[in-house]
Amino acid sequence: MADLNPQAKQMADESMVRNLEAQARAIWPQEMPLFKRYRLPAKPQILDAGCGTGELASRLAELFPTARVLGINIIDAHLELARSRYARLGARLHFEHQSVFELKIPDRSFDLTVCRHVIHSIPHPEKVIGELVRVTRSGGYLHLIAEDYGMLHFQRGASLDPTAFWNAVPKAFAAGTGTDLFIGRNIFSILAEMKLEEVTVEYIVVDTLRTPRETFATLIEAWRDGYAPIDRRADSDHQGIGRCVL
């Protein structure tokens, strides 16, 4: 089986902490109303699978004040940071080291199972989704953010047009890591094959009209720092393209 965490180095980099924080700030205003639509029981059990530094898990604990939220991740440094940042939420928010490929959780444990920004970055996403379905109760909700790098659009500059870059590089990166960076367009079919009661698709748009420019800049800088180290041997044009990678 291929490496189950092909982006381990990037995920553990300090830039990912900045990335996750800015990502949550950018997306939460549009995502929160989606969570509010779910008809959860009075004291819901919630799982955040691939919780990172706890940005979303903490928001869910605050949005649903009677809920108990479990966040799982495989990067211990991120888990420790989450525990220290959100200790104020007490026993209602708990973090554990677990792999999304093999959850140490009984069947049908959660009313709401959340997995955001994960399945595009790992191989065998169907296996992971199957695990998430397994631990979700009948009548519960599985909430996914499935990224699609084919939906990334950047304005053409005076001397640089990123279009060709985004058409070519995600395909090569996915091929080299055994992942699907375009899974967003395939996720409906994957879920439909699992015979779930209902599958719906919503779109979240992150751009400089809906997101503060400072937040957007933090995202781009964090991607750059984690994924695009400067190659001193490259000429300035190649460095410029490399620093726009992610």
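Two strands pair if DSSP finds at least two bridges between them, and helices (H or I, at least four residues) and strands (E, at least two) are DSSP runs numbered from the N terminus. This is a predicted model, in which local features need pLDDT of at least 70 and side-chain atom pairs count only at pLDDT 80 or more, while totals for chains, interfaces and linings use all residues. Residues are numbered from 1 along each chain as its sequence is written, and side-chain values use heavy atoms, with hydrogens and water left out.

Q: How many bridges join β1 to β4?
A: Strand β1 covers residues 45-49 and strand β4 residues 110-116, and the two run parallel. Within this pairing, Leu-47 has Thr-113 of β4 as its bridge partner. The number of bridges joining β1 to β4 is three.

Q: Which strands stand at the edges of the open sheet?
A: The sheet has five strands with parallel pairing, in the order β3-β2-β1-β4-β5. An edge strand has a single partner, so one side of it is left without a neighbour in the sheet. The strands in that position are β3 (93-97) and β5 (136-145).

Q: At about what angle does helix α5 run to β5?
A: Axes are lines fitted to C-alpha atoms, for helices over the stretch in contact (heavy atoms within 4.5 Å), and angles run from 0 to 180 degrees between N-to-C directions. Helix α5, residues 125-134, lies across β1, β4 and β5. Its angle to β5 is about 140°.

Q: How far from the sulfur of Cys-51 is the nearest cysteine sulfur?
A: A disulfide is a pair of cysteine sulfur atoms within 2.5 Å, and by this rule the count is zero. Cys-51 is in no disulfide, and the nearest cysteine sulfur belongs to Cys-115. The distance is 10 Å.

Q: Is Cys-115 buried or exposed?
A: Buried means under 20% relative accessible area, exposed over 50%, and partly exposed in between (1.4 Å probe, protein chains only). The relative accessibility of Cys-115 is 1%. Cys-115 therefore counts as buried.

Q: Which helices hold Glu-55 and Arg-85?
A: A salt bridge is a side-chain nitrogen of Lys or Arg within 4 Å of a carboxyl oxygen of Asp or Glu, and Glu-55 forms one with Arg-85 at 2.9 Å between the closest N and O atoms. The pair ties together parts that are 30 residues apart in sequence. Glu-55 lies in α3 (residues 55-63), and Arg-85 in α4 (residues 76-85).

Q: Which strands hold Arg-137 and Asp-111?
A: The side chains of Arg-137 and Asp-111 meet in a salt bridge, 3.1 Å from N to O. Arg-137 is partly exposed at 33% relative accessibility, whereas Asp-111 is buried at 9%. Arg-137 lies in β5 and Asp-111 in β4.
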